[in-house]
Amino acid sequence: MFKAFRKDKDKKAHKIRGQLSLDRITGVLSTKDQLESQLNQSEIEKENRLGKFLFILGPHEVVPDEIALLFVYPVNKFPYTPETIYRIKHFCYPNGMNCTVSKKESLQNQFVFTLNEDGKLFFGVCTHFYPSGPQFLSNSESGQPFCICTITQNPQLNQNFQFQLMIISLISNPQLEINTKFDVKLLQYEQKLDPGILENLHKFNPPLTVLSGNPIVSSINPSFIPPKIIDTLSLYLQISNQQNCALKLTNTNSVFITATESAAKQIASTIFDVLFSILSVKNVLKFLSAILTEQRIIVYGSDFYNISSVVLSAIPMISPLEYKGAFLPLVPNRAEFLDYLGTPIPYIFGVLKFDGFLTALNSFVDPSEVCMIDVDNDKLQFPESVPILPKFSELKNLLQNQLNQIGSCKRNSQNMNEIAGSGVALSFKWNRKNKYIFTPGNALKIQQIFTKYLNEMVGPERLSGCRVRDTTDPDNPKVGFVNDAYMIGINECDLDFVEAFIGTQFFQAYCEETFFS
């Protein structure tokens, strides 16, 4: 009786969470605008650039504890107000100006955050770096890193990281020989300025540095910028990604552009090796179960890169389904952002661990009601109500066997050259000593296991007998989903999972948009 009561209570809570409006969630930075965004593959396919805008941020020269926007490219049609930039600043520095810096290394960290623009999901691809040698960005002596951030709708993360590394190399060493002239398709930016852009740009403090040759450079800050950086940026944000080409920028650095692939495949090729390096296969599958049953999930740890990678892995793990809940790979460590954790809708949030983190968490959410994933220690704390995946052991064995075939990364020059030659942004991964470093082919094999597993739940053969056609209105027939038909033949031990799964937003959306349309 108790089990049945708990099951009914969980169903009721799930239904209530689904009905609650985001309009009821208030916050200084418009929680509704930030959270109500969705990954849309058709919109991604329309985006034919690697990036939309590139920012460089860093410590403020006068107030070192403040984050300053130092550089923007391009400024034409620049849509962001200082209020929006405030949000971007804190996503680029989730822990504020309190970063641990190794001055022996230029490259400090890499990670990805997400933004909402008119309901569309955009990625902020970030690299933290500490420049060596002369550079034009800032005279601050705070010792804190700078950040290159590319805003893009198309998550070709490896390619963005590669170009960012080249820009960092040029900032640190302007004499570096680099090739930016290739016989490839380039997309030009309009030179015409939209009304109000100049006024907005004048509001930034300190004044922005922009590219020489830009129509408004003399009005903002005519700081000298090395021509090689100008050429590299122009190539980076103007090259069309609707082509296959290899750009050998230096003798040791190449960027491989591939015609637009699915977001799931692009993300998997960048972060699946991180996911399986820090979480056991068993815990990866428990994470998958929580995603597929629309739990509230908090991924936390001490490293931006690991946290954001685990959160992002949700996208390729559930492909061809598209996650419909709130999705933030990194939540800045500030009260107005951490308040998002109390959101009653399904979410996957990445949170940086800080002193007294678990105690402070109680101010925003009851930890016993959310799924907690500790990426530092490969530990999970889930509510008892989270069901187990069907065929859990079978899927676990398939993934483990594939990982055994790939093998842990052998750190030698031959293997490094092979992996780098496949287009992986290797510099940062290599130094972190992850257990695995996948080529895109390795990542695809892992993703295919997940896809095959999900096709057993949402493929045409599985759904074909679950449709009902309502022809009450002959001019407007409707197709619906029959839950009871889907439940036929389900093992009793899988009932809790399946009932929760077919009640999710993304399952219903998939049926309506893909199979019943």
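**Starting from Lys-391**

Let's start at one residue: with 46% relative accessibility, Lys-391 counts as partly exposed. That label covers the range between buried (under 20% relative accessible area) and exposed (over 50%), using a 1.4 Å probe and protein chains only. Before going on, a word on the ground rules: this is a predicted model, in which local features need pLDDT of at least 70 and side-chain atom pairs count only at pLDDT 80 or more, while totals for chains, interfaces and linings use all residues. Residues are numbered from 1 along each chain as its sequence is written, and side-chain values use heavy atoms, with hydrogens and water left out.

Back to Lys-391, which is found in the loop between E12 and H15. The H and E labels are DSSP runs numbered from the N terminus: helices are H or I with at least four residues, strands are E with at least two. Lys-391 has a positive phi of about 55° although it is not a glycine. Asp-378 is also not a glycine, and has a positive phi of about 55°. You'll find Asp-378 in the loop between strand E11 (371-374) and strand E12 (379-381), and it is partly exposed because its relative accessibility is 26%. For context, most residues other than glycine have a negative phi, and most peptide bonds are trans. On the peptide-bond side, the link from Ser-319 to Pro-320 is cis, with omega near 15°. Pro-320 lies in the loop between helix H12 (314-317) and strand E9 (326-331).

Now zoom out for a moment. The protein chain has 22 helices and 14 strands, and 54% of its 517 residues count as buried. Take contacts, meaning heavy atoms within 4.5 Å, between residues at least 6 apart in sequence: 69% of them join residues at least 24 apart.

Some of the helix packing is worth a walk-through. Two packed helices are described by the angle between their axes and the distance between the axes. Here the axes are lines fitted to C-alpha atoms, for helices over the stretch in contact, and angles run from 0 to 180 degrees between N-to-C directions. Helix H10 (residues 281-292) and helix H15 (residues 392-406) pack at about 130°, with axes 10 Å apart. The pair is therefore oblique; the scheme is under 35 degrees for roughly parallel, over 145 for roughly antiparallel, 65 to 115 for roughly perpendicular, and oblique for the rest. The crossing of H10 and H15 is right-handed, which is the case where the near helix is turned clockwise from the far one by less than a right angle, anticlockwise being left-handed.

Who does the touching? On the H10 side, Val-281, Lys-282, Leu-285, Lys-286 and Leu-288 meet Phe-392, Leu-395, Lys-396, Leu-399, Gln-400 and Leu-403 of H15. By class, this contact has 7 nonpolar, 1 polar and 3 charged residues. (Ala, Val, Leu, Ile, Met, Phe, Trp, Tyr, Cys and Pro count as nonpolar, Asp, Glu, Lys and Arg as charged, and the others, Gly among them, as polar.) Lys-282 is partly exposed because its relative accessibility is 40%. Leaving aside neighbours within four places in sequence, Lys-282 is in contact with Phe-392 and Lys-396. Its C-alpha atom is 8.8 Å from that of Ser-393, 111 residues apart along the chain.

Helix H9 (residues 263-278) packs against H5 (residues 157-172) at about 60°, with axes 8 Å apart, so H5 and H9 are oblique to each other. Leu-157, Asn-158 and Phe-161 of H5 meet Ile-267, Ser-269 and Thr-270 of H9; that makes 3 nonpolar, 3 polar and no charged residues.

H9 also packs against helix H11 (residues 304-312), at about 115° and with axes 8 Å apart, so H9 is roughly perpendicular to H11. This crossing of H9 and H11 is left-handed. Ile-267, Ile-271, Val-274, Leu-275 and Ile-278 of H9 meet Tyr-305, Asn-306, Ser-309, Val-310 and Leu-312 of H11, giving 8 nonpolar, 2 polar and no charged residues.

Finally, the rings. The structure holds 20 aromatic pairs: rings of Phe, Tyr and Trp (its six-membered ring) with centres within 6.5 Å, called stacked when the planes are under 30 degrees apart, edge-to-face over 60 and tilted for the rest. Tyr-323 and Phe-327 form a tilted pair, 6.2 Å centre to centre and 55° between the planes, and both are buried.
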